[in-house]
Amino acid sequence: MDLSWLIGRLGLEHLPSEPATIGAAIGMPLMALAVVAGLTYFKKWTWLWKEWITTVDAKKIGIMYGIVSVLMLIRGIGDAIMLRMHTAAAGITGGDGLFQTDTFQQVFTAHGIIMIFFVAMGLMFALINIALPLMIGARDVAFPWLNSFSFWLFAVAMILVNFSLVLGGFSNGGWLGYPPLTSLEYSPGPGVDYWLWTLQIAGIGTLLSGINFIVTIISHRAPGMTLMKMPVFAWSVLITMVLVLLAFPILTATLSMMTLDRLFEMHFFTSEAGGNPMMYVNLIWAWGHPEVYILVLPAFGIFSEIVSVMARKALFGYKTMVAALTAIMFFSFLVWQHHFFTMGAGANVNAFFGIMTMIIAIPTGVKIFNWLFTMYRGKIKFTTPMIWFLCFVATFTIGGVTGVMMAVPAIDYQVHNTLFLVAHFHNTIIGGVVFAFLAAITYWFPKIFGFRLHEGLGKIAAYFWQIGFLLAFMPLYALGLMGAVRRLDNYDNPEWTPFFVVSGIGVLAITLGAGMLVVQIAYSVYKRKTLRDKTGDPWDGRTLEWSTPSPAPFYNFAVIPKVTRRDEWWYQKLDGVKSLKRSDYKDIVLPKNSSLGFVIAVLVGLFGFGAIWHVWWLMIVSMVAIIYFAIRRGLDDDVEYTIPAVELYRLDKEARG
Amino acid sequence: MKKLVWPIIIIGTAFGFLAIMWWLVAGTKPDVIYPSGQVGDHQQSLLMLTVLLSAAVVIPVFLMLGIFAWRYRDTNKKAKYKPEWQENVLLEAIWWGIPVIIITSLAIVTWFSSHSLDPHKAIVADKPPLKVQVVALQWKWLFIYPEEGIATVNSLPLEVDRPVSFEVAADAPMSAFWIPSLGSQIYAMNGMSTKLNLIPNKTGIFYGYNTNINGEGYSDMKFPVEVMPGDAFKKLSKKIASSSMTLDYNHYEEIAKPSRDEPVHQMSLSDKGLYDKILMKYMDHGGHEAPASEDNSNHEGMEH
């Protein structure tokens with residue numbers, strides 16, 4: 001019986017066939033089952049629905065982003081372990097390594113997508129949601145419902161990418177999936193479609209968040225906080241979100257064209273019939289390059305806050321910091337071609353993009369000097385976030401140097417697409433982005449959960465991450481210069497083996513570091529009474545989030561603070577904080593929870609699933625439902641509720657003990 | 001003593017790490033750092049130059065990082081503390097200025113080196129360039145020598161000190177052609193021909209690679225490049241030209257079928273227009289204005 005009208009191209013042959021993937025395919029549903037069983041046993045379903053799934057509170061959404069990202073970090077590191085164990089084993093045994101080539105290629109594609117979209121971007125939105133509204137003295141983001149919708153799109157995309165393990169496999173075309181390799185001709189299976197729809201759905205979620213945070217920063221700052229009195233983190237988020245707004249539509253459009261190619265056999269990016277794969281490469285990097293700045297600018301913002309707080313000193317060169325951020329934003333759109341100097345464009349084109357690329361090193365270098373001179377004549381507390389900062393400066397600087405090297409087209413011709421390149425971007429992304437986000441988790445953790453993370457364990461984690469990073473990636477620089485290309489699954493040069501082995505040991509050291517973070521969180525939860533943050537200001541902070549009690553209440557500020565200067569909270573503390581009078585409390589309006597963000601996102605996920613498996617009726621039904629629920633949400637006027645001043649006064653007294 | 005624990009751990013770790021790196025690299029001669037061709041030589045010097053220029057920023061950063069962190073630790077009562085010191089026009093001018101100077105000089109170098117090392121640019125030498133047409137296939141390389149009337153798979157014999165003018169295309173997903181010992185890589189794409197000019201200056205066997213993933217057998221696309229003296233090359237090409245194995249379009253289609261770990265083939269070339277036919281495979285649906293010229297030098301119209 002032909003069931004293809006019902007199930008599209010779904011079929012049993014798409015179940016995994018290799019031990020590693022079978023393990024994952026069995027393990028993941030079991031884990032899901034355990035969670036469901038746990039929730040049922042402890043009768044937590046209502047709690048989950050009311051407190052989390054339907055929440056529109058930015059802090060809770062931030063926590064959910066954080067949980068997803070940490071889980072995905074574990075998966076991403078798992079992928080990295082598979083990759084490096086495979087290449088080490090391939091050298092030692094002189095054979096083909098541990099996995100089939102197809103699995104290896106799926107793993108590095110998934111590693112890239114998961115680390116960029118679901119770890120780095122996820123942690124970024126976690127931290128922005130948690131810290132930004134508090135930092136600018138806002139009660140919530142501008143569009144709380146949209147925020148919940150963005151998160152659920154992100155979560156649904158994450159489920160899609162992981163579900164591919166169970167059914168159908170993932171793309172094996174690399175994280176940016178250049179056609180023609182990812183075209184119907186060479187990759188007809190569902191893997192590339194999983195990749196496409198994962199990126200598409202996560203990308204739309206990101207774009208919506210971008211709009212949300214721009215509006216939040218522009219219109220929801222506390223009275224008196226002019227743009228030039230904003231904390232630098234808020235500046236970095238503003239600029240990042242402008243980049244999101246400009247870059248992500250390119251991703252959406254490019255992926256849509258590719259979807260048309262794959263679903264309806266159109267010819268945007270094919271090699272024949274007028275299609276042009278080079279167009280795809282240009283478009284994907286016109287998004288992809290700003291994307292890496294989207295990751296790293298918030299990291300710069302985070303370290304600007306941390307170094308100034310830990311050195312107990314105002315950030316050096318605030319205005320140049322803002323100018324440097326703006327310059328980076330501008331130039332990040334003028335460099336995309338440096339990702340394919342070797343495609344054979346003329347010398348003038350290559351030289352132009354090369355020079356634009358190295359110009360970015362100038363504002364970036366300036367930021368590093370400003371951070372160093374923030375330390376100068378400070379009183380530095382060597383807390384865990386500060387240790388991350390020191391590791392960041394040392395590591396990121398080296399990544400910057402190799403970046404400038406590759407910006408020279410003539411040099412890039414010799415290192416492009418080799419492991420040298422792989423080492424370079426891990427150097428900047430781990431040393432820049434990951435270190436920053438791990439520092440920020442330690443830094444803002446008490447604000448959200450009301451207790452600090454254990455310092456000693458955090459420092460040990462940082463130590464293992466740093467040494468693991470060096471061991472894992474410095475050998476890759478050398479391998480690249482020796483001729484080892486990226487995405488290599490076997491090689492017959494015994495000279496390379498020790499390099500791959502050391503790199504594999506490095507990955508294990510990073511794993512130890514990540515494990516240490518998990519231990520740190522678990523131990524801190526266990527010791528939460530002794531680690532409790534009673535003051536709400538555990539680091540002697542400078543910005544407004546530290547003026548609230550910890551954990552920050554759901555309404556953020558009982559009374560919105562007035563701002564007269566940069567680092568308002570620091571100077572308020574110097575002047576002596578005035579306690580609020582009974583009459584300062586006014587009625588406040590807060591957004592009501594809504595299930596529709598979750599519901600629509602799930603429908604979007606079903607739509608994507610239908611597109612992946614060519615289940616047309618599912619696409620049609622879910623699209624109709626999406627439109628119905630979107631209209632319903634639009635017509636709903638009952639979306640806010642009021643907390644009377646009396647109640648707010650009581651809540652605030654309670655929160656402040 | 002307690003305050004020295006962390007500095008000792010950090011310095012000890014740093015030395016330990018350097019020792020491991022030293023153990024790894026000692027005795028190795030990376031192709032990019034020890035090239036065997038003029039293009040690679042220039043690229044290696046450029047690489048060294050950027051390292052030196054960057055050092056002018058990196059060394060001060062590392063020194064300041066260590067010194068400031070140590071000197072301004074909160075337990076050091078002797079250090080000055082100026083919590084409000086946050087602007088200094090002169091200092092900021094210095095650290096905008098120094099990177100500007102470094103990047104400007106590097107930009108000048110970039111401009112000129114992009115032109116002098118442009119892969120399209122023919123290399124001037126005593127001997128006329130050897131013409132080699134390269135086709136990336138799934139998962140092997142086909143090399144066509146139209147003037148010698150020969151073709152090889154997965155092996156690239158070259159003549160020492162004679163420039164090579166490569167024309168590179170793919171009949172597979174986008175691939176990239178790279179011989180690190182000689183310099184510069186270039187993408188190989190369907191229906192268009194990119195150019196790459198190199199010159200081998202040392203005899204010996206080097207290795208070439210595909211740097212761009214083009215499917216399952218991507219890692220297998222490593223091939224030996226044998227650089228030999230002129231007379232040896234002539235002898236070899238004559239021998240191959242007289243081979244009974246001939247390459248025409250039909251045989252090509254056999255070879256082009258996906259295969260892994262393909263052995264070396266040496267064939268005489270019976271169809272001198274084969275490379276153009278391979279390019280034209282992707283042109284027949286219209287769209288591009290394909291130059292129908294038989295002249296091999298005229299592919300640039302298809303390039304971008």
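Predicted model: local features only at pLDDT ≥ 70, side-chain atom pairs only at ≥ 80, totals over all residues.
Local features were taken at pLDDT of at least 70 and side-chain atom pairs at pLDDT 80 or more, while totals for chains, interfaces and linings use all residues. Residues are numbered from 1 along each chain, chains are lettered from A in the order written, and side-chain values use heavy atoms, without hydrogens or water.

Helix H14 of chain A spans residues 419-449; helices are DSSP runs of H or I of at least four residues, and strands are E runs of at least two. Of its 31 residues, 28 are buried (under 20% relative accessible area, 1.4 Å probe, protein chains only). A kink of about 40° lies at Tyr443(A), shortly before Pro446(A). The bend is the angle between axes fitted to the seven residues ending there and the seven starting there. Gly450(A) follows H14(A), with a positive phi near 85°.

The largest nonpolar core has 297 residues. Such a core joins buried Ala, Val, Leu, Ile, Met, Phe, Trp, Tyr and Cys residues through side-chain atoms within 4.5 Å. Helix H5 of chain A (residues 101-135) gives the most to this core, with 24 residues. Trp444(A) and Phe177(B) are among the residues with the most contacts inside the core.

Aromatic rings pair if their centres lie within 6.5 Å; planes under 30 degrees apart count as stacked, over 60 as edge-to-face and the rest as tilted. The count is 74 pairs over all chains. Tyr491(A) and Phe500(A) are stacked, because their centres are 4.6 Å apart and their planes at 25°. Both Tyr491(A) and Phe500(A) are buried. Phe177(B) and Phe223(B) are also stacked, with centres 5.7 Å apart and planes at 5°. Phe177(B) lies in strand E6 and Phe223(B) in strand E10 of chain B, 46 residues apart.

Notes:
Buried < 20%, exposed > 50% of the residue type's maximum accessible area, 1.4 Å probe, protein only. Phe/Tyr/Trp six-rings, centres within 6.5 Å; stacked < 30°, edge-to-face > 60°.
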